[in-house]
Amino acid sequence: MKECIFETENLVYSYSTKQAKPSLDNVSVEIHKGVRTAILGANGAGKSTLFYHFNGIFKPVSGTVKYMGKPLEYTREALTELRNDISVVVQNPDEQIFSATVEEDIAFGPMNMGMERDEIERRIQESLFKVGMEEYRERPTIQLSYGQRKRVALAGALAISPKVLILDEPTAGLDPQMSQEVIELVEQLCEAGTTVIISTHDVDLAYAWAEEIHVLIHGDLVYSGEPEPFFDDHEKVAMTGLVMPHTFSVNSSVQRICGREVAPYPRTNSQILCKMLPEGSRIGKIRLVPVEDSLPDVPAEGLPTGIYGAITRRLFRAAGREPDYHFNAIEYCLMDAVGGKDSVLFCDAPMKDRVLEVIGRMEAFGKKVEVVM
Amino acid sequence: MSEEMQMDTLAYSSRMLKWAPLGKFLFVIAVLIVNIVTNSMMVPFVTLAIGLVLMAYSTNFKIPFFVALALAEAVLILAIGCGMISITGDKADPAIWDTNLLWFDVYMTHDSFNKAWLVMFRGIAGMAVMMSFATSTPIPHLSQALKQVHMPREVSELVVLIYRYGFFLLERLDAMWEAAHCRMGFNGFMNTMKTTASITVGIFTSSSNLADKAQIALDCRNYQGYFPIYNAPPKLGIKWILVTVAAVALIYVFGIYTEGWIDMTKLFFGGSA
Amino acid sequence: MTVIQTDNIVYYYEGASKPSMDGVSITIKKGVKTVILGSNGAGKSTLFYHFNGVVKPKSGTVKVMGKPVSYRKKDLRELRSKVAVVLQNPDDQIFGQTVEGDVGYGPRNMKLPEEEVKERVDEALFQTGLGEFREKNTMQLSYGQRKRLALAGALAMKPEVLIMDEPTAGLDPQMALELMELAEQLHHNGTTIVISTHDVDLAYAWADEIHVLKRGKLIYSGTSEGFYRDSAAVHSTGVMQPSMFVMNENLARMRESDPAPYPRTESQLISKMASGPKGGLEIVLVDGELGDSVHAALKGGRKTGVFGTVVRRLVSDSEKKADYMFNGFEACAGECLMGRDSVLLCDRDCLDLVKAKIEDLKAFGTDISYNVNG
């Protein structure tokens, strides 16, 4: 039985009394602790209205919201306490950055919580490191580019060390590489025990990442659960303004044409390819190198190298080493493995288990990828 | 990059950024006052030297083009004003130059000519000192300084918010302006009027939208009703007061000692006066 | 034919020490689907503001339709009716109180006679599916609707070149598909479309030719594959290889076969990955109204898809909807690949486009048999 971190019951909310249909209409949803959750829906479906109920910004017209099993109280003290646990990163960073310099903005949350100065200092450094913006610490926020502002907003949210992090369209407007970096960071937070909720209409992102999805349409919750049954229901998907994720539809078509079972469902390209491998193909090995605080001296032996995690990335940059796969490296290494090629993957030590888990999943698609430590 | 942005970038990159804003302010004002109360022609030169040294240290004389333009314009206006001062001398004094030029009754005296130069030098020197302050103190620092002199918190917070959103709206303004060009919004007087009105409405709407959303975002970040400051700029210390008093005293004494050293009339018209 | 050509243009933003456009020589050809690719701040918007004379280069020349751009007021007016820009954020370019008023803003600024303004507004509203909103206040529209309104405003200028900055950013997936289909239709009917984006998947699916910008420099011009194969260059530009490209490369490596032909669409990729008995496709042409054959198709047992602006409007107003209201061709092709018959309801002016798509699939081993009805 999974533990609920948020639970709403028959939640109804309207912005104004004149609305014909409430913005949230009898929504009963369970968000599970530690489960990668995506809230999916078209623009205006009620995604943000829903998550603003989680941190008590909106008070339901009727129905209840529970955090860790306890109904929300809407007193000032209770809300302050609640919001010390929950961080929200809105889509447009300009709405969320209030201070003139990066450092001030990141200190905003911790200072509101009344933390000690030393602790705040530590938090600033840590969150700037996580988003890779250390050298911008004293820069005025208005001089930053859109992508940098988005990262500052994220760092500001991380600075309070939230138990729950809610991200609204976290990759919207970001360069592809920066998007990958954000996703990597999210993985890191999940691994460290933060519950992350992503609100998005990007089905490819949601499908590749989420374990559970909740789908909204015009204020109604139409689906809760694993992504596959939802995306398999063509009519329902069409109704929500969404589309099938590419990996999902490619796999479904290919398996149907070949007259095979559609399941197990691949979420990545490497998993699709793995399913298609003929019997007896050679599978490449992945040499996994966990990185603590210095780069281990591992000869690459001409093999392609990938890097994963903020620490590894920083160390590679400092050493002036150019990896072959800068971003989305696990996937690239797995592709190599499926293609019969060996590769080396450097990853942050705390992320080792996660990487092993992702590599281990290949077994479900027919082939075991061997990992050498 | 907008002009405001250039000024801001410059201030944040200044070597004098970490100096107490109030200290800088006190120093500059004091120097300006002593610059005006002394009558020596040498004092403006000292003031100018201080201003130039500070600017060199602060930003290596990097001045945004538009500021330089504004300064040049100010010097021009100053020059015209001084020209006027120089030719409206006291009729009781002997004239160096007395003529009717167009509809001007030109009457230049020894005193009026010298006074004009003094005003001119004071003006230029004053601008240099003030620029050294303006190019090293970003607005948020100024607002923090206001807080230190017990200005109500609301005022200084408002200053910072206006500053933040001012830039944001400026960006919007730029974007809308260019978009209007793409759709020929400035084709003729009526269209220009209409476009300008639409842009104003657009900026207004987006600022109120932003304010709404920012309110929510503030609550998400546990806003407690005031903006805390992590790294306040340094306070006005005793050091600054000492330096200021010393500088003022020195310049003042220097001013009295050097009064009359330079006589512009002599320089220009020889010993005739 | 060359539509836009720049020669060594250099541009500095005021007060900037580095040029934001650093010796860019680019050629945009007519009838070639073009994408300008680059990360945030690479200079994409600065470049296209050169195309319509909003920005004047410090040095170098810009030629539109073979003529050097003249920055005289009168000439700029003509230029800007030829080269229209749709910005990423629709709010930056909405100038009217009502939908109708905003779409008419450009044509009225051009001082066209009122009848023609009306005509253009009608057409642009129809193309973008905003007809029912014509009297609505622009503030009451949703984001997706405002984005379409911005496009309608540009279409009302009847441009020869339409530049779209991040056209799908912020749009729901279905709306994004609809918009790209409209772009395809416009392009097919003779408007040159240039898309500026950092979305590599979008760029890969759309572009015949890409131009890659990096910190104000043009570092690549040519086919997509030529650029994406160079992984060092891709990395240095801040983008990633498109998922479809990576998939195909690895598929080829796995099979030890040639990666060419490169699939750009899902149906092409699937064709390469698996093959079986194919279904047939019936293409029903639609003009101004839904005929009996359309109603029959909608009621019949086969899956139906729509392709084209007109038919989508008509079908969404009719009682019975099609199965695939978006991405109709791809969906129908997918049905055929799985051995099922399907019907594509298609605007008459899109027939050649659909035929070309069927032709393209042949290179990937899928020969869809089709008949045209109407």
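A nonpolar core is a set of buried Ala, Val, Leu, Ile, Met, Phe, Trp, Tyr and Cys residues joined through C-beta atoms within 7 Å. A residue is buried if 20 or more other C-beta atoms lie within 10 Å of its own, exposed if 12 or fewer, and partly exposed in between, with C-beta atoms placed from the backbone. This is a predicted model, in which local features need pLDDT of at least 70 and side-chain atom pairs count only at pLDDT 80 or more, while totals for chains, interfaces and linings use all residues. Residues are numbered from 1 along each chain as its sequence is written, and chains are lettered from A and ligands numbered from 1 in the order in which they are written.

**Nonpolar cores**

- The largest nonpolar core has 153 residues, of which Leu345(A), Ile163(C), Leu344(C), Leu345(C) and Cys346(C) touch the most other members.
- Helix H13 of chain A (residues 329-338) contributes the most to this core, with 8 residues; helices (H or I, at least four residues) and strands (E, at least two) are DSSP runs numbered from the N terminus.
- Apart from this core lies another, of 80 residues, including Phe54(A) and Met244(A).
- Not counting residues up to four places away in sequence, Leu345(A) touches several residues, among them Ile286(A), Tyr308(A), Cys333(A) and Val355(A); two residues are in contact if their C-beta atoms, placed from the backbone, lie within 7 Å.

**Contact between chains C and A**

- Chain C and chain A each give 36 residues to their contact.
- On the side of chain C, the elements that give two or more residues include helix H5 (143-155), helix H6 (173-188) and helix H10 (243-255).
- H10(C) gives the most to this side, with 7 residues.
- By class, this side of chain C has 18 nonpolar, 15 polar and 3 charged residues; Ala, Val, Leu, Ile, Met, Phe, Trp, Tyr, Cys and Pro count as nonpolar, Asp, Glu, Lys and Arg as charged, and the others, Gly among them, as polar.

**Domains of chain A**

- Chain A is assigned domain 1 (4-239), domain 2 (246-276) and domain 3 (286-372), with bounds that come from an automatic or database domain assignment.
- The centres of domain 2 and domain 3 of chain A, taken over C-alpha atoms, are 25 Å apart.
- Between these two domains of chain A, 9 residues of domain 2 are in contact with 9 residues of domain 3.

**Helix H6 of chain B**

- The buried residues of helix H6 of chain B (residues 139-148) include Pro140(B), His141(B) and Leu142(B).
- Helix H2 (21-37) and helix H7 (153-182) of chain B are the elements against which the buried residues of H6(B) pack.
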